[in-house]
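Reader: Could you take me through this structure by way of questions and answers, giving the cut-offs behind each term as it comes up?

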Amino acid sequence: MRLGVLDVGSNTVHLLVVDAHHGARPLPAHSHKAELRLAQLLDADGAIGERGVTALTATLREALQAAEDKGVEELLPFATSAVRDAVNADEVLRRVREETGVRLDVLSGPEEARLTFLAARRWFGWSAGRLLLLDIGGGSLEIAYGLDEEPDAAVSLPLGAGRTHARLPGDPPAPEDVRELRKYVRATIARVVGEFSRFGPPDHVVATSKTFRRLARVGGAARSSEGLYVTRELKRRSLEEWVPRLAAMTAAERAELPGIPEDRADQLLAGAIVAEGAFDLFGIERAEVCPWALREGVILRRLDRLDRAEGGRGTVTETVATRAPRG
């Protein structure tokens with residue numbers, strides 16, 4: 001069947017269309033992205049204002065049309081940190097539902113970590129042993145650990161690349177601001193390290209999502225054009241070398257680095273500071289970059305539920321052809 005995953009994140013709204021059935025690898029068929037930076041549209045009270053809601057509903061309409069054009073049979077719409085943390089989340093969800101027909105499933109932080117862990121487990125398989133997963137999104141850092149498909153521990157911290165970048169005014173940022181962010185990041189991560197260390201060291205450390213992919217590319221990993229199956233690693237030594245270098249660069253200079261798009265260059269330093277802190281506090285020397293992350297986890301969970309329900313529909317999905325009419 002052709003599934004569409006509609007991901008409302010802190011930075012982008014991303015529709016991923018895949019051809020999928022239970023027991024097979026989901027095959028990407030189409031990708032539609034819009035750079036919304038919803039987290040930056042929060043007002044001083046932490047609410048998504050009228051400008052943000054209007055932009056979100058317009059972007060969702062475009063994504064819905066793209067899903068319809070590509071023959072999506074079933075849509076799995078969800079939202080993460082930006083909507084989850086907004087003080088007016090319920091009102092935003094109501095407006096989205098009334099104006100677009102989309103019922104966004106707001107994932108909790110731990111659920112986001114568990115679904116990303118599921119994707120990494122399926123990618124690497126049982127032979128990888130005990131996995132420690134790190135994922136830096138736009139709004140949050142997810143950490144999960146386990147031997148099975150359901151992790152033994154899963155947490156979400158407010159340390160996404162976009163959120164932490166907001167603590168670095170200036171281009172390049174002032175050294176004292178970089179130091180303060182480093183202290184904040186490490187204190188926040190340190191509070192949860194004990195939840196994971198009691199399980200013992202992992203057999204394999206996995207890093208997912210674009211912040212880690214870009215940092216690995218800057219450190220010399222293979223280009224994305226070389227395919228999914230090329231092993232890509234991010235090393236602690238590389239982070240230690242690059243964080244001070246990135247701190248001295250302007251966003252325009254970072255955009256000249258390999259694999260760094262201009263519209264995300266400003267967030268690269270903050271993401272690197274979070275990554276370096278996590279590697280140091282968890283004693284990680286290297287992590288393998290996983291091509292799959294949250295969206296693939298959502299797809300895999302849906303396929304598992306379809307199999308168990310013998311073709312029944314889950315509560316968080318909607319059929320594109322039968323969504324509520326738009327006004």
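This is a predicted model: local features need pLDDT of at least 70, side-chain atom pairs count only at pLDDT 80 or more; totals for chains, interfaces and linings use all residues.

Author: Residues are numbered from 1 along each chain as its sequence is written, and side-chain values use heavy atoms, with hydrogens and water left out.

Reader: Which residue ranges does the domain assignment give, and how far apart do the C-alpha centres of domain 1 and domain 2 lie?

Author: The domain bounds, which come from an automatic or database domain assignment, are 2-106 for domain 1 and 109-294 for domain 2. Between the C-alpha centres of domain 1 and domain 2 the separation is 23 Å.

Reader: How many residues does the contact take from domain 1 and from domain 2, and what area is buried between them?

Author: Counting as contact any heavy atoms within 4.5 Å, the domains meet through 14 residues from domain 1 and 17 residues from domain 2. The size of an interface is often given as the accessible area lost when the parts come together. Taking buried area as the accessible area (1.4 Å probe) that two parts lose on being put together, summed over both, carbon and sulfur atoms give 36% of a total between domain 1 and domain 2 of about 1200 Å².

Reader: How many salt bridges are counted between domain 1 and domain 2, and how many residue pairs are in polar contact?

Author: A salt bridge is a side-chain nitrogen of Lys or Arg within 4 Å of a carboxyl oxygen of Asp or Glu, and the count between the two domains is four. A polar contact is a pair of N or O atoms within 3.5 Å, where within protein one must be able to donate a hydrogen and the other to accept it, and residues adjacent in sequence count only if both atoms are side-chain atoms. With both residues at pLDDT 80 or more, the residue pairs in polar contact between domain 1 and domain 2 number nine.

Reader: Which element gives the most to the side of domain 1 that touches domain 2?

Author: Helices (H or I, at least four residues) and strands (E, at least two) are DSSP runs, numbered from the N terminus. Two or more residues on that side of domain 1 come from each of strand 3 and helix 2 (81-85). The element that gives the most, with three residues, is helix 2.

Reader: Is E112 buried or exposed?

Author: E112 belongs to helix 4 (residues 109-124), and, leaving aside residues up to four places away in sequence, E112 touches T80, S81, R84, S140, E142 and L294. On a scale where buried means under 20% relative accessible area, exposed over 50% and partly exposed in between (1.4 Å probe, protein chains only), E112 has 7% and is therefore buried.

Reader: Where does R37 lie, and with which residue does its side chain meet in a salt bridge?

Author: R37 lies in the loop between strand 3 (27-35) and helix 1 (50-69), and has a positive phi of about 50° although it is not a glycine. Its relative accessibility is 13%, so R37 counts as buried. At 3.0 Å, N to O, the side chain of R37 meets that of D266.

Reader: Which parts are tied together by the pair R61 and E99?

Author: The closest N and O atoms of R61 and E99 are 3.9 Å apart, and R61 counts as partly exposed at 28% relative accessibility, as does E99 at 23%. Since the residues are 38 apart in sequence, the pair ties together helix 1 and helix 3 (residues 89-100).

Reader: Which residues are linked with R236 and D280 in a network of salt bridges?

Author: R236 and D280 form a salt bridge whose closest N and O atoms are 2.8 Å apart, and the pair ties helix 8 (residues 236-247) to helix 10 (residues 268-281), 44 residues apart in sequence. R236 counts as buried at 17% relative accessibility, whereas D280, at 31%, counts as partly exposed. The network that holds R236 and D280 also links R186, E240 and E285.

Reader: What is the omega of the cis peptide bond from D171 to P172?

Author: P172 is placed in the loop between helix 5 (161-165) and helix 6 (175-197). The peptide bond that leads from D171 to P172 is cis, its omega being near 5°.
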